[in-house]
Amino acid sequence: MAKFLLLLALAIVVYLIVSRARRQGEQPREERRPAPPPSIPEDMVRCAMCGVHLPRSEGFASRGRFYCSDEHLRLSGQRERKDE
Ligand SMILES: [Zn+2]
């Protein structure tokens with residue numbers, strides 16, 4: 001058992017030495033640079049009619065909702081009128 005503990009202590013010491021050497025080896029230059037933005041360059045919106053996702057600039061907005069096409073914008077307007 002004592003042998004095992006000695007081995008464990010040795011392993012910890014070796015680990016500490018290696019990790020310290022590695023930290024000194026690589027000089028942290030601009031390590032805190034902000035990560036590049038995720039692959040989505042633009043806000044994605046969801047068509048309120050069919051649920052498809054599309055960039056905000058390609059969507060059609062109406063009364064706080066977005067639609068993938070002019071047709072869906074029109075259809076939703078008709079449907080809402082029918083519901084009322
Ligand atoms: Zn749609």
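1. Among the elements of the protein chain in this predicted model, strand S4 (residues 65–67) has the highest mean pLDDT (94), while helix H2 (residues 70–83) has the lowest (78); pLDDT is the predictor's confidence in each residue, from 0 to 100. The chain averages 84, and 79% of the residues score at least 70. Where pLDDT is low, the predicted coordinates should not be read in detail.

2. Two conventions apply throughout. Residues are numbered from 1 along each chain as its sequence is written. Because the model is predicted, local features need pLDDT of at least 70 and side-chain atom pairs count only at pLDDT 80 or more, whereas totals for chains, interfaces and linings use all residues.

3. The protein chain has 2 helices and 4 strands, and along the sequence they follow the pattern α-β-β-β-β-α. Helices (H or I, at least four residues) and strands (E, at least two) are DSSP runs, numbered from the N terminus.

4. Helix H1 has 24 residues and spans 35 Å from its first C-alpha to its last, close to the 34 Å expected at 1.5 Å a residue, where the expected span is 1.5 Å times one less than the number of residues. Since the number of buried residues in H1 is 0, this helix lies largely in the open.

5. Of the 84 residues of the protein chain, 8% count as buried; a residue is buried if 20 or more other C-beta atoms, placed from the backbone, lie within 10 Å of its own, exposed if 12 or fewer, and partly exposed in between. The largest nonpolar core has 5 residues, namely Val-45, Phe-66, Tyr-67, Cys-68 and Leu-73; such a core is a set of buried Ala, Val, Leu, Ile, Met, Phe, Trp, Tyr and Cys residues joined through C-beta atoms within 7 Å.

6. Leaving aside neighbours within four places in sequence, the contacts of Tyr-67 include Cys-47, Phe-60 and Leu-73, a contact being a pair of residues whose C-beta atoms, placed from the backbone, lie within 7 Å.

7. Glu-42 is placed in the loop between helix H1 (2–25) and strand S1 (44–46), and is exposed because it has 10 other C-beta atoms within 10 Å. Not counting residues up to four places away in sequence, Glu-42 touches Pro-55, Arg-56 and Ser-57.

8. Arg-63, in the loop between strand S3 (60–62) and S4, has a positive phi of about 50° although it is not a glycine. Most residues other than glycine have a negative phi. Arg-63 counts as exposed, because it has 9 C-beta neighbours inside 10 Å.

Definitions and conventions:
Contact = placed C-beta atoms within 7 Å.
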